[in-house]
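I opened my notebook to jot down what I could look up here.

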Amino acid sequence: MSRALVLGGGGPVGVGWESGLVVGLAEAGVDLGGADLVVGTSAGSIVGAELTLGWDLEAALAILDTPWPEPELPPGSPTGMELLMTELARAASSAGSPEAVRRELGRISLEAPTPPAATYLGLFSPVRDQAWPERYRCSAVDVETGGLRVWDRAAGVPLDLAVASSCAVPGIFPPVEIDGRRYMDGGMKTPLNADLAAGHDVVVAVSCFALEAPEGFSDPLTDMLDAAVRAELDEVASRGRCEVVVPGADFLDLSGWGSKLMDQGLARDAFAIGRRQAAEEATRLADAWNA
């Protein structure tokens, strides 16, 4: 039986929650680290790299102790997740198709004032010079074509550059140049990219976002992303067993339903929440993962 783990995007708060969830599940006898394939996007690329490198995920939260650089913007300008959601909504309303939206976001990634590339890349120095884990993949998006790029060991790309490209949120962080092309956050396709794990017998997909908007809430951007994520999960489920972990009420409150995911100060609280939620998920996931 082949097993795959998908870890979705969600900023530093998502790194904390996903790490706590994985640690708590291992304590409950569900070792997601034993997956045959680990696919990470954005925050999930950090957790996935640390997991497949065999690191202590709680100790590895120290990677978030260094403040993430912020772009220099005029006073009153939106920052963090507010900035990202503003740009996503604008791109969705002006560009139309998902591919066109990604190309528009690529333009934003290239043109927006962001911290220097060297400063941004320095955040990923803990995984610099680490050997690429064979079971690990992470995603990024080409800023010019809008196409998804999946990094693996065979690509021959340094691990820190690959993870940095997967986390390069447009408008917040600079795109990452690899082999003459520039890449932005893999979550600009979808926050999960769960279809990259299709074909495995059992897939556990961890989403830092709710898969359903609050009752009575709807907008074109949310509807488009929700539909894309559901299509990915349907593809996975059509070829094997798919178990999805979504945030519980405590994490949704902490993260402001996604609006506070870039707040590093919340990461350790998110870890504790993820660890507690693991106890609620363990029986269901053990039935699939440990079969």
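At what angle do helix 1 and helix 2 pack, and how far apart are their axes? Before I answer, a reminder to myself: this is a predicted model.

**Entry 1: helix 1 against helix 2**

I looked up the pair and found that helix 1 and helix 2 (residues 43-52) pack at an angle of about 40 degrees, with axes 8 Å apart. That angle makes helix 1 oblique to helix 2. The crossing of the two is right-handed. On the helix 1 side, I listed Gly-11, Gly-14, Val-15, Glu-18, Ser-19 and Val-22 as making the contact. Their partners on helix 2 are Ala-43, Gly-44, Ile-46, Val-47 and Leu-51. Sorted by class, this contact has six nonpolar residues, four polar ones and one charged one.

I noticed the spacing in that list and wrote down a rule: an α-helix has 3.6 residues a turn, so residues three or four places apart point the same way.

**Entry 2: helix 1 by itself**

Next I checked the length. Helix 1 has 17 residues and spans 24 Å from its first C-alpha to its last, close to the 24 Å expected at 1.5 Å a residue. Is helix 1 enclosed or open? I found 15 of its 17 residues buried, so helix 1 is largely enclosed by the rest of the structure. After helix 1 comes Gly-29, and its phi is positive, near 95 degrees.

**Entry 3: helix 1 against helix 9**

Then I turned to helix 9 (residues 267-289), which packs with helix 1 (residues 11-27) at about 40 degrees, their axes 6 Å apart. So helix 1 is oblique to helix 9 too. This crossing is right-handed. The class tally came out as 13 nonpolar, six polar and three charged residues.

**Entry 4: helix 4 and one serine**

Last stop: helix 4 (residues 98-111). Its 14 residues reach 20 Å from first C-alpha to last, close to the expected 20 Å at 1.5 Å a residue. I noted its buried residues: Ala-100, Val-101, Arg-102, Glu-104, Leu-105, Gly-106, Ile-108 and Ser-109.

Why does Ser-109 count as buried? Its relative accessibility is 1%, and buried means under 20%. Leaving out residues up to four places away in sequence, I found Ser-109 touching Val-143, Pro-170, Gly-171, Pro-175 and Met-184.

Notes. Residues are numbered from 1 along each chain as its sequence is written. This is a predicted model: local features need pLDDT of at least 70, side-chain atom pairs count only at pLDDT 80 or more; totals for chains, interfaces and linings use all residues. Side-chain values use heavy atoms; hydrogens and water are left out. Axes are lines fitted to C-alpha atoms, for helices over the stretch in contact, and angles run from 0 to 180 degrees between N-to-C directions. Helices (H or I, at least four residues) and strands (E, at least two) are DSSP runs, numbered from the N terminus. Angles under 35 degrees count as roughly parallel, over 145 as roughly antiparallel, 65 to 115 as roughly perpendicular and the rest as oblique. A crossing is left-handed if the near helix is turned anticlockwise from the far one by less than a right angle, and right-handed if clockwise. Ala, Val, Leu, Ile, Met, Phe, Trp, Tyr, Cys and Pro count as nonpolar, Asp, Glu, Lys and Arg as charged, and the others, Gly among them, as polar. The expected span of a helix is 1.5 Å times one less than its number of residues. Buried means under 20% relative accessible area, exposed over 50%, partly exposed in between (1.4 Å probe, protein chains only). Contact means heavy atoms within 4.5 Å.
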